[in-house]
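Try each one before you read its solution.

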Amino acid sequence: MWEKAKSGGSVRQKESGRGASVASPARVARPARTDRPPPYGAQHRQDALWSEGNDALPPGWHQYQLTDGTAVYQDDNLHIASFHRPLPGVRLDRPRRLIYGCEWHISPLGRSYFVNHNTRTTSWKKPTPERPAGNLTPLCVIEAHSNRIWSLACVGTSHYVMNASDDGSIRQWRRDGKPVGEPWEGNGGGIAAMAVSPDETMVVSGSKDGRIRLWNRNDGRMVGNPWEGHNAPVRCLDWSPNARQVVSACENGTIRRWNPDTGQQIAPPIQTGQWVFVVKYSPQGDTFASGGENNMIRMWSKDGELLIEIRGHDDLVLSLCWSKDGQRIFSGSADHTIRKWRSIDGGELAVLRGHTNGVTSLCLTPDERHLVSASSDCSVRIWDLKTDQQVGDPLWHDDELRALVIFPDGHCFASAGLDHKIYIWSLEAALKHGVDQ
């Protein structure tokens, strides 16, 4: 859902002129057939044929507002959102959100479809990137869920990978793709955030209903009642290294800290006033960092005191990752860059460029020689931190990525996102593939 908050002035300026209706159409598509999308080159009058006409949204859409009052329209069938009201003749996609040469439109019958100018074709399906010949293939692809995957975690002793999905469930998998137990259902709507306790016995999750739930990892049962406090969907959370605190943040910008033994808040909430997409404790546990809609990283003491603000990104901060010694922090942004900073004073150490869309997840390899990143450009990339350069070619998914995790032994990593699948990759093979090129 990070794309929901891209409503600042810079984004609207980039979109200037987009979404205007097609004037004086030379040809009008006739919605006689519903099994095929409108043909390439079709233009539409703005007289929608769906139920209740164009005064209502098409079936399967809903509207919500951002914190600044900006209206957003979401197609729940495809899980994509637009700042433009869905009407025939209106282009709905934002610049660079689809692969080059493609556009998102809506048919007169109210169904989203995509125009591909590269092939001069149309399709009901969102276009996917073309994998280059010789591109590395994953060890395993897990058909994990019926909806997008927001969060991944790894359990070290068992090498299980866990994931949380917008279908409202948490699942565990073996590295070979076999499921472990039954899905955990929390009845709180989509689950966007999840974290495993340091001793790997408990799991905490955050849901669309604004509640946080604690789970026993061994039997998948919920422990106690949901934690109450947030009044908006929980976007991110993290467990302190000593397991005595859980920090969470929701879509209205409120950060809360919890005692996991009681499910009670341990301090007044922190009101940031803007969306927070990521919170991460330092490995030492004396500070935690947050990133979000204000394009900056904020460092907080464990008592909630604001220590420093780190500025440098040109767009939303979507992901964070600490070095083991806590001296450096990496950030991924909707400005397509990854940046490396000194955590003590916010000094910028490096800018890593290569992604063509927002960087949604970051992980360091156990030896800290490489950084792995996942992006809305549908790719995973590996970076050599000695040279700050990309290693080899991108590793591709069929849709935007939201989550990434590295197994503790450093042999494999997993990635997941909007295509509902978990890809398991060999880190050794990916590094060797990059060297061989």
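**Exercise 1. Are Phe 413 and Trp 425 buried or exposed, and how do their rings sit in this predicted model?**

Start with accessibility: Phe 413 and Trp 425 are both buried. Next, take the ring geometry. The centres are 6.5 Å apart, and the pairing cut-off is within 6.5 Å. The planes of Phe 413 and Trp 425 make an angle of 20°; stacked requires under 30 degrees, so this pair is stacked. Phe 413 belongs to strand β34 (residues 412-417) and Trp 425 to strand β35 (residues 421-426), so the pair ties together parts 12 residues apart in sequence.

**Exercise 2. How many aromatic pairs does the structure hold, and what kind is Trp 275 with Phe 277?**

The count is 9 aromatic pairs. For Trp 275 and Phe 277, the ring centres are 5.5 Å apart and the planes stand at 45°. Stacked needs under 30 degrees and edge-to-face over 60, so this pair is tilted. Now check burial, where the cut-off is under 20% relative accessible area. Trp 275 has 5%, so Trp 275 is buried. Phe 277 comes in at 7% and counts as buried too.

While you're on rings, pick out one aromatic cluster as well: Tyr 281, Phe 288 and Trp 300 make it up.

**Exercise 3. Which rings have Arg 175 and Arg 235 over them?**

Go one arginine at a time. Arg 175 lies over the face of Phe 407, 4.4 Å from the ring centre. For Arg 235, the charged end sits over the ring of Trp 150, at 4.9 Å from its centre.

**Exercise 4. What is the strand order of the open sheet of 4 strands, and which are its edge strands?**

Walk across the sheet: the order is β8-β9-β10-β11, and the pairing is antiparallel. β8 (149-155) and β11 (179-185) each pair on one side only, which makes them the edge strands. From one strand to the next, the twist averages 15°. Then zoom in on the β10 end: strand β10 (residues 169-173) runs antiparallel to β11 and is joined to it by 4 bridges. Among the residues involved, Trp 173 has Pro 179 in β11 as its bridge partner.

**Exercise 5. Where is the pLDDT below 50?**

Begin with the whole chain: the average pLDDT is 88, and 91% of the residues score at least 70. The stretch below 50 covers residues 7-33. In the model, this stretch has 45 contacts beyond near neighbours in sequence.

How values were computed. Residues are numbered from 1 along each chain as its sequence is written. This is a predicted model: local features need pLDDT of at least 70, side-chain atom pairs count only at pLDDT 80 or more; totals for chains, interfaces and linings use all residues. Side-chain values use heavy atoms; hydrogens and water are left out. Rings of Phe, Tyr and Trp (its six-membered ring) pair if their centres lie within 6.5 Å; planes under 30 degrees apart count as stacked, over 60 as edge-to-face and the rest as tilted. Buried means under 20% relative accessible area, exposed over 50%, partly exposed in between (1.4 Å probe, protein chains only). Helices (H or I, at least four residues) and strands (E, at least two) are DSSP runs, numbered from the N terminus. A charge sits over a ring if NZ of Lys or CZ of Arg is within 6 Å of the ring centre and within 35 degrees of the ring normal. Two strands pair if DSSP finds at least two bridges between them. Axes are lines fitted to C-alpha atoms, for helices over the stretch in contact, and angles run from 0 to 180 degrees between N-to-C directions. pLDDT is the predictor's confidence in each residue, from 0 to 100. Contact means heavy atoms within 4.5 Å.
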